[in-house]
Amino acid sequence: MDKAPMSGGAMRILILGGTGEASALARSLAGQDGYAVTLSLAGRTAAPRPEPVPTRIGGFGGAEGLAAYLRSERIERLIDATHPFAATISGNAARAAEAVGVTLLAIRRPAWCRAPGDLWTEVANMQEAVTALGREPRRVFLTIGRQEAGAFAAAPQHAYLARTVEPLDGVLPVPHLTPLEARGPFDAEADADLMRATGTEILVSKNSGGAATYGKIAAARALAIPVIMVRRPEKPDVPSVPDAAAALRWLDAGAHAGPATLRDV
């Protein structure tokens with residue numbers, strides 16, 4: 001486990017990562033005088049892209065473990081740049097920051113909004129998504145990641161095309177499964193070609209937001225393919241910005257950027 005380097009009076013920053021925003025912020029801060037940055041990854045991706053800052057892999061042991069890390073590493077700024085669906089770590093970050101008195105900022109990318117022509121059925125969780133597929137067999141394009149793919153084993157009558165970054169490794173034991181390992185970004189034209197080639201009848205997606213995986217949403221709209229859209233979980237109400245550039249400005253502003261000026265901007 002790597003530690004952030006000792007850098008005199010440099011501001012010590014911990015970025016909770018795993019997203020493009022976390023990577024962009026880490027790259028912007030790398031090598032800058034005045035900042036000592038550590039990027040933390042949960043370890044769910046076997047071969048994460050290398051980053052130009054010290055990186056630690058693995059969990060902290062809940063809010064208490066994260067608080068202990070913040071204390072021991074003398075972290076001054078905590079940036080929650082985790083995935084919009086990583087509700088547990090975001091909750092732990094808020095509790096740990098409050099317990100230790102560390103300033104916390106969340107990067108919360110905007111959710112996708114329904115556009116004219118979108119055929120969305122919005123659901124609260126994966127169990128509702130499974131139910132929304134219905135009983136009649138359908139060709140399903142599953143784009144919700146490896147971790148929650150297993151929920152769809154409850155509906156084995158469907159034929160699944162499951163696109164994931166990591167191998168499924170048996171988490172979705174259904175008779176009609178086509179695994180596809182790929183890492184975004186994905187463009188709309190390529191996703192439309194894929195949906196046509198595979199006879200996709202319905203798409204299942206998380207409302208992750210961002211441009212990297214929006215291609216499937218645009219493709220489904222163009223092809224009049226319905227989408228089951230899983231809504232985001234609730235996250236703590238903490239100061240937030242929409243992207244890495246805004247987080248960098250917040251860090252550069254230092255003590256002059258108070259929470260009241262940063263919330264939901």
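Which residue follows helix 7, and is its phi positive or negative? Glycine 254 follows helix 7, with a positive phi near 60°.

1. Basis. This is a predicted model: local features need pLDDT of at least 70, side-chain atom pairs count only at pLDDT 80 or more, and totals for chains, interfaces and linings use all residues. Residues are numbered from 1 along each chain as its sequence is written, and side-chain values use heavy atoms, with hydrogens and water left out.

2. Overall build. The chain has 8 helices and 12 strands. Its radius of gyration is 20 Å, close to the 18 Å that the globule rule gives for 265 residues, so the chain is as compact as a globular protein of that length. The radius is taken over C-alpha atoms, and the rule is 2.2 Å times the number of residues to the power 0.38. Along its principal axes the C-alpha trace spans about 60 × 35 × 30 Å. Helices (H or I, at least four residues) and strands (E, at least two) are DSSP runs, numbered from the N terminus.

3. Buried residues make up 46% of the 265 in the chain. Buried means under 20% relative accessible area, exposed over 50%, and partly exposed in between (1.4 Å probe, protein chains only). Among contacts (heavy atoms within 4.5 Å) between residues at least 6 apart in sequence, 66% join residues at least 24 apart.

4. Aspartate 118. This residue is found in the loop between strand 5 (103-107) and strand 6 (120-123). At 9% relative accessibility, aspartate 118 counts as buried. A polar atom of its side chain lies 2.7 Å from the backbone nitrogen of alanine 115. Its side chain also makes a polar contact of 2.9 Å with that of arginine 221. A polar contact is a pair of N or O atoms within 3.5 Å; within protein, one must be able to donate a hydrogen and the other to accept it, and residues adjacent in sequence count only if both atoms are side-chain atoms. Leaving aside neighbours within four places in sequence, aspartate 118 is in contact with Cys113, Ile217 and Arg221.

5. Helix 6. This helix (residues 215-222) is mostly covered, with 6 of its 8 residues buried. The buried set is Gly215, Lys216, Ile217, Ala218, Ala219 and Ala220. Their packing partners are strand 6, strand 7 (139-143), strand 8 (159-164), helix 5 (188-198), strand 10 (202-206) and strand 11 (227-230).

6. Helix 7. At the start of this helix, a side-chain oxygen of aspartate 243 reaches to within 3.4 Å of the backbone nitrogen of alanine 245. In helix 7 (residues 244-253), the buried residues are Ala244, Ala246, Ala247, Leu248, Trp250 and Leu251.

7. Helix 2 and beyond. Arginine 71 sits in helix 2 (residues 62-72). Leaving aside neighbours within four places in sequence, arginine 71 is in contact with Ala99 and Val100. Arginine 74 is found in the loop between helix 2 and strand 4 (77-80). Its phi is near 55°, a positive value in a residue other than glycine. At 45% relative accessibility, arginine 74 counts as partly exposed.

8. Cis peptide. The bond from glycine 184 to proline 185 is cis, with omega near 10°. Proline 185 lies in the loop between strand 9 (177-181) and helix 5.
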